[in-house]
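Hello,

Here is the structure I promised to pass on to you. Have a look at it first, and then read on for what turned up.

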Amino acid sequence: MKKFLARYRYSIILLKQLVKTDFKLRYQGSVLGYVWSLLRPLFMFTILYFVFVRFLKISNDIPHPAVYLLLGIVLWNYFIEVTTGSVAAIVGKSDLLRKINFPKYVIVLAGSLSALINLLFNFVVIAVFMIFNHVHLTTSALLIFPLIAELFVVSIGVAFILSALFVRLRDVTYIWDIIVQAGFYATPILYLLSRPGLPEIFKKLSILNPLAQIIQDARYVLVTKQSITISQIYGGGKIIWLIPIGLSLLIVIIGGAYFRSQSKYFAEEV
């Protein structure tokens, strides 16, 4: 551990500073400041809750629909915050890149950790909702931690790819916006996978998406055992979990490798 800290001491110090700076600048000049990190998902939740739960009655067949929906929104928003925020992360630090030689991955990692702090704040709100909705926790709730770790891994993997691509291809912003919009409706955030009429092939393909698997598993361990998980869709086999988990690891490996291969040119191209 001492050797590790000594080797990466400079990177760790820089990472801490970038996380602090990113978190402070995010709400600088705002009247409500850090409160916005809680209000944004709550506003989105309120709109979607009244439209899809109260009026369209989409989630009436699931216990605690408010908490069920909020949890999905919070986890999805973390992924969006990390990936969308990473697109221009390298270009935004162009002055720093030209002046100082340091590991470039620190910039992307700092944004991911800053978003993780927001996620922790949002989980406080979720906890309050769970108390008011009388959601009973079991020991399986502890599984939320490896699920958040998986979410962190897949998010930063995509972030590495996007931030490196944007240095050379500025159209990445618009392309990613389209992908995100499609991904929001392809992921079971607003609807139930048990919904009648939903094609079986769609369920099987959708749940292989690491984000869908993470969200459904998180709902299963925190909110209700009626949340459809990947093992239920594929007939109860535990080994099927290896596919979305393997995809998450593959994404971060490919993303990290691509980012590293391009990072040597960042200072010249930004």
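How many residues does helix α8 have, and how far does the helix reach from its first C-alpha to its last? Before the answer, please keep in mind that this is a predicted model.

Helix α8 runs over residues 144-168, which gives 25 residues. From the first C-alpha to the last it reaches 37 Å, close to the 36 Å expected at 1.5 Å a residue. Much of this helix is hidden from view: α8 is mostly covered, with 18 of its 25 residues buried.

Next, a helix pair. The axes of α4 (residues 65-87) and α11 (residues 210-222) come within 10 Å and cross at roughly 140°. Their crossing is right-handed. On the α4 side, the residues that meet α11 are Tyr-68, Leu-69, Leu-71, Gly-72, Leu-75, Trp-76 and Phe-79. Facing them from α11 are Leu-211, Ile-215, Gln-216, Ala-218, Arg-219 and Leu-222. Sorted by class, this contact has 10 nonpolar, 2 polar and 1 charged residues.

That leads on to the core. The largest nonpolar core holds 71 residues, and Phe-123 and Leu-222 touch the most other members. At least two residues each come from α2 (9-26), α3, α4, α5 (89-92), α7, α8, α9 (172-186) and α11. Of these, α4 gives the largest share, 15 residues.

Setting aside neighbours within four places in sequence, Leu-222 is in contact with Leu-71, Phe-123, Met-130, Val-135, Leu-137, Ala-141 and Ile-144.

His-64 sits in the loop between α3 (36-55) and α4, and has a positive phi of about 50° although it is not a glycine. His-134 lies in the loop between α7 (105-132) and α8, and its phi, near 55°, is also positive in a residue other than glycine. Are these two buried, partly exposed or exposed? His-64 is partly exposed, at a relative accessible area of 23%, whereas His-134 is exposed, at 59%.

Enjoy exploring, and do write back with any questions.

Best wishes

Methods:
Residues numbered from 1 in each chain as written. Predicted model: local features only at pLDDT ≥ 70, side-chain atom pairs only at ≥ 80, totals over all residues. Heavy atoms only, no water. Helix = DSSP H or I, 4+ residues; strand = E, 2+ residues; numbered from the N terminus. Expected span 1.5 Å × (residues − 1). Buried < 20%, exposed > 50% of the residue type's maximum accessible area, 1.4 Å probe, protein only. Axes fitted to C-alpha atoms, helices over the stretch in contact; angles between N-to-C directions. Left-handed = near helix turned anticlockwise from the far one by under 90°. Contact = heavy atoms within 4.5 Å. Nonpolar A, V, L, I, M, F, W, Y, C, P; charged D, E, K, R; others polar. Core = buried A, V, L, I, M, F, W, Y, C linked by side-chain atoms within 4.5 Å.
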